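Here's a quick tour of the salt bridges in this one. Have the sequence and the 3D view open as you read.

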Amino acid sequence: MKNMNIKDKFKIFQWVEVLIWIIILSIVLLGVKHYVYAKHSELKRYQIFLPDVDGLISGSPVRMMGVQIGYVENVNIVDDHVYVKFVLTQPDVTLPKGVVATVEFNGMAGSKSLEIYPPDSTSLASNKLILTQAPKRLNSALGLLCDMFNQLGSMIQKGAYFSDEVAKFMPAPEPASLDENEEMVRDFDEFIDDLSQKRIEFKQKTKERIRNEERESEYHQQSGSSGKLTDNEGQKD
C-alpha cells in the first residue's frame, strides 16, 4: 500500500510538472505574439485610391528615390477605383505632404512597384497628403522611342536636303571617278537600308513587348483583385 501511494504521488508530480511547462510555454508564446503585434501596429500605414494599378499586387515593394521603404499590404477594387493600402517598414521614414504615388515597371521580370516621388509645386497645390498619378506604362516609353527614331529619320532627310542646297553655292568640285561615285552611292544605299531595317525590327519588338505587357497586366489584375477590404486605419484621401 505504501508503494502504491509513492507511485501515485510520482504520477501526480509528473502531471504537475507537465502542466507547469505548458503554462510557461503558453506565456512565452503569448509574449512573443504580443511583441510582434505591437511592433506591427507601430508601422505607418497609408491608404490611397488609384485609377489603375497595372498589375500591382499585395507584397509589391514600395520605393522612394530608389530605396525600398515598405510593401503593399492590400489591393482591392472599390467602385471605379483601386484601393491600395501600403506599409512603411522604415521607422524613421515619414511621407511629407504632397508626395506623388504611381505604379512603375520594376526589373526585367515585369514586376511592378509603388513609387513615391518628392512633392512638387503641383502636388503641394492639391492640398493632399499623397497625390496619385496613373501608372507609367512601358509601352508609352517604347512609343516615345519609336517617335524619336521617326524624328531622327526626318532630320537625316532634312540634312541631306540642306547639303544639296549648300552645294549649289559651293565651287564645283573636281569630277569624281565612276568607281568613286558608285562606291558612294552603294555606301549611302546600305546606310539607308540598314536604318530602315532597324526601324522595322524595333517596331516589331515594340509590338511584341506591348502585347506581353498587356497579357501580364491582365493576369496580375485577375490574381491581385481578390480579397476583402481591410480596416480603415491610417490616412485616407
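Glu73 pairs up with Lys85 in a salt bridge, and their closest N and O atoms sit 3.7 Å apart. That pair ties together distant parts of the chain, with Glu73 in strand β3 and Lys85 in strand β4 (residues 81–88), 12 residues apart. Keep in mind that this is a predicted model. In total, the count comes to 3 salt bridges.

**The network around Glu73**
- Glu73 also forms a salt bridge with Arg45, where the closest N and O atoms are 3.4 Å apart.
- This pair links distant parts of the chain too: Arg45 is in strand β1 (residues 44–50) and Glu73 is in strand β3 (residues 67–78), 28 residues apart.
- Put together, Arg45, Glu73 and Lys85 make up a network of salt bridges.

- Glu73 counts as partly exposed, because its relative accessibility is 24%, and buried means under 20%.

**The pair in helix α4**
- Lys198 and Asp194 form a salt bridge, with 3.5 Å between the closest N and O atoms.
- Both residues lie in helix α4 (residues 178–224), 4 residues apart, which is about one turn of the helix.
- Lys198 is partly exposed, with a relative accessible area of 47%.
- Asp194 is also partly exposed, at 40% relative accessibility.

How values were computed. Residues numbered from 1 in each chain as written. Predicted model: local features only at pLDDT ≥ 70, side-chain atom pairs only at ≥ 80, totals over all residues. Heavy atoms only, no water. Salt bridge = Lys/Arg side-chain N within 4 Å of Asp/Glu carboxyl O. Helix = DSSP H or I, 4+ residues; strand = E, 2+ residues; numbered from the N terminus. Buried < 20%, exposed > 50% of the residue type's maximum accessible area, 1.4 Å probe, protein only.
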